[in-house]
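Hello,

I am passing a structure on to you, with my notes on what turned up in it. Please have a look at it first, and then read on.

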Amino acid sequence: MEHIDSFQKTGRELLPPNIVEYFQEFRSVDYLNVLRKRLSEYTFAEWMVCLRERVLLEQCVPFFIEILDKNPLYPGYFEKGYVLCAVTLIDKIFWEAHKDWYLHVKSIVDGVLDSSENKADSVPDSSENKADSGVIRGEYIEAYRRF
């Protein structure tokens, strides 16, 4: 019940004072919206702020799991695979407290790694392929492997 009730609160009501102050100083519309809006009203941009800043993760992670279930390499505002990379960089302490979510994300990561390794085996290494916008950045693959 508390989880549902949290969606009726604003980020300002849920975040610690030091994070509220930091978000206010940041002066980005998306950061300010995290403070002003109810969580139930958040857009993708506000959830991305939460993910990047590692705040409100209990509400944020299910949102991104739903996206990753549909498209594991969803780019967000960045390159292919960015959202999954950002999710894999969440602290291990969080994942230890949310083992079901961890196992679900781990299965997504494993699927992406299996797929990328199969593609790497079947695609010749050429500068043309590396320049392809569909290629997952190496640093993302490394983050997936560390997850």
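This is a predicted model: local features need pLDDT of at least 70, side-chain atom pairs count only at pLDDT 80 or more; totals for chains, interfaces and linings use all residues.

Residues are numbered from 1 along each chain as its sequence is written, and side-chain values use heavy atoms, with hydrogens and water left out.

**Aromatic rings**

Across the whole structure, a search finds 19 aromatic pairs. Here, rings of Phe, Tyr and Trp (its six-membered ring) pair if their centres lie within 6.5 Å; planes under 30 degrees apart count as stacked, over 60 as edge-to-face and the rest as tilted.

Helices (H or I, at least four residues) and strands (E, at least two) are DSSP runs, numbered from the N terminus.

Buried means under 20% relative accessible area, exposed over 50%, and partly exposed in between (1.4 Å probe, protein chains only).

F44 also pairs with Y74: their ring centres are 5.6 Å apart and their planes at 65°, so this pair is edge-to-face. Because Y74 lies in the loop between α6 and α7 (82-88) and F44 in helix α5, the pair ties together parts that are 30 residues apart in sequence. Y74 is partly exposed, with a relative accessible area of 30%. Ring pairs join F44, F63 and Y74 with F7, Y42, W47, F64 and Y77 in a cluster.

**Helix α6**

Helix α6 has 14 residues and reaches 20 Å from its first C-alpha to its last, close to the 20 Å expected at 1.5 Å a residue; the expected span is 1.5 Å times one less than the number of residues. Its buried residues are L57, Q59, C60, V61, F64, I65, I67 and L68.

**Salt bridges**

How many salt bridges does a search of the whole structure find? There are six, each a side-chain nitrogen of Lys or Arg within 4 Å of a carboxyl oxygen of Asp or Glu.

One of them joins the side chains of E46 and K37 (3.1 Å, N to O). E46 counts as buried, at 2% relative accessibility.

Another brings together the side chains of R137 and E79, also with 3.1 Å from N to O. This pair links distant parts of the chain, 58 residues apart: R137 is in the loop between α10 (127-130) and α11 (138-146), and E79 in the loop between α6 and α7. R137 is partly exposed at 33% relative accessibility, and E79 is partly exposed at 35%. A network of salt bridges links E79, R137 and E139.

In helix α11, R145 and E142 lie three residues apart, about one turn of the helix. Their side chains meet in a salt bridge (2.9 Å, N to O).

Happy reading!
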